[in-house]
Amino acid sequence: MSLPVRRFDAVIVGGGGAGLRAALQLSKAGLNTVVLSKVFPTRSHTVAAQGGISASLGNVQEDRWDWHMYDTVKGSDWLGDQDAIEFMTRRAPEAVIELEHMGMPFDRVESGKIYQRPFGGHTAEHGKRAVERACAVADRTGHAMLHTLYQQNVRANTQFFVEWMALDLIRNDDGDVIGVTALEMETGDVYILHAKAVLFATGGAGRIYASSTNAFMNTGDGLGMAARAGIPLEDMEFWQFHPTGVAGAGVLITEGVRGEGGILLNCDGERFMERYAPTVKDLASRDVVSRAMAMEIHEGRGVGKNKDHVLLKIDHIGAEKIIEKLPGIREISIQFAGIDPIKDPIPVVPTCHYMMGGIPTNYHGEVVAPKGDNPEVVVKGFYAAGECACASVHGANRLGTNSLLDLVVFGKAAGDSMIEFIKNYGDLKPLPENAADFTLARLSRLENQTGGENVDEVRRELQRTVQAHAGVFRTDALLKEGVDKIRAVAQKVAKTEIKDKSRVWNTARIEALELDNLIEVALATLISAEARKESRGAHASDDHPERDDDNWMKHTLFYSADQRLTYKPVHTQPLTVDYIKPAKRVY
């Protein structure tokens, strides 16, 4: 069976911040560009980012890009690639000013410059004191960014395929990426989108966990497609748990709350972060704060009937400041916790938030994969940016506000790389005769399976398994058991059946296809985590409590086909400055 073909210069999968920033570069260059998005672009998950975007503008206090770089390297627990980190932090001020000139409505200080607030792990003079580096639009920074970038793309005549889902990568015999297969969700029709270059900007995969701040659409689609096409997934053992999700709901309470003066309290009313991070206290790096909270709860100092959360107190900063700087947080607290933070503290608990790993790329946004003795050969025609990509600027733990920065810096870099590649491309390369066979076989299995597994039940089992075995604290035994369980879940995924054959919006079909992506991410996560015998950043092992730079200062690469792991070195050499040597990570 053949499929209809649509042809483009560039196909971008994902309509969030990274996808839109890349699309803007391509469309302004006059290239025939299309953006696929499962949801309307301004409902992409970038819209949920609250606290800010980091840049060393120095509008409130003196700041420098190399201080930002140091904080990012330290935050990454020395697993971040220092060339990519320098690239990002050097370009941060320019990226923010570009957004300002596009019309992004940043809050202002009295002088009229962009407002900046303190954030976890942001310091001056290499850790000596906290610094205001997070450029914010109240507590709705991602919302403002996404709408700004979308409006700019409308102006640039970018094409959008809204409520479309990419299914699989198309590679030719040389291994070049030359398109994707995609499903139009309303009709159920499947197409080949033939292109000179493809960018994945599909966001995170937090829905492998039962409790997550991620939207339901964050199912790791880009990672699943890459893994099935033979591209390894990098550093998938590292998942950030945000310290402050609303207890019982998982909805995010931005770190900006603590940046504005909020403090964490245990059942004794103690500001316990003073014991764990005496210098920066509640503004320590996210993995440090999450583990401190988990320890307080574990040792019986949690709050509530079940002593299963702690409190985030902000009433002392005053109603006026809360209403001006944190209006969305107040609304979330009232709706999801039944608490008005002007009067009472918010119940919070660490919640899965962000994926540090992803599709391996260099700092130009080009996807790289091992070939022979070279661990980083560019996959021609294939690019990735944003949370689905691993540049790796976040290493073992991401600093707050570096995610929005990652989107725009590497979204733009990928767009520029694609422009240069397409300019020298010539005519579209021919499609292989079997271009759609893999996708059609997947769809046929789902359509024709009888007596198979229920998609919803298998997805819940997957989420419970990952939540129980790859949480804030891990042990060898727990991870080994988790690997066995997730492999059993994978066998069930291969036998899933669409119980509801209705084609009304294809909901059951889409959920089944998403499950194919979730299982790739879940397998990569547990197998990679079980192998890493150390504690580094978000990967905290009770059996191996120390960081082991001699044996484990390296990136993990997971291959889906045979579920094997290989490794590649961390880029320790920055572009222009001295190497930041590993040190004990204290705050």
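This is a predicted model: local features need pLDDT of at least 70, side-chain atom pairs count only at pLDDT 80 or more; totals for chains, interfaces and linings use all residues.
Three strands make up an open sheet, ordered β3-β5-β4, with antiparallel pairing; here two strands pair if DSSP finds at least two bridges between them. Because β3 and β4 each have a single partner strand, they stand at the edges, and one side of each is left without a neighbour in the sheet. Strands of a sheet pair through backbone hydrogen bonds, either parallel or antiparallel. β4 and β5 are joined in the antiparallel sense over five bridges, and Ala124 stands opposite Arg129 in β5.

| β3 | residues 53-54 |

Residues are numbered from 1 along each chain as its sequence is written, and side-chain values use heavy atoms, leaving out hydrogens and water.

Now to the whole protein. It has 16 helices and 22 strands, taken as DSSP runs numbered from the N terminus (helices: H or I, at least four residues; strands: E, at least two). The C-alpha trace spans about 65 × 50 × 50 Å along its principal axes.

How much of the protein counts as buried? Of its 587 residues, 63% do, where buried means under 20% relative accessible area with a 1.4 Å probe, protein chains only. Among contacts (heavy atoms within 4.5 Å) with a separation of 6 or more, 74% come from residues 24 or more positions apart.

How values were computed:
Buried means under 20% relative accessible area, exposed over 50%, partly exposed in between (1.4 Å probe, protein chains only).
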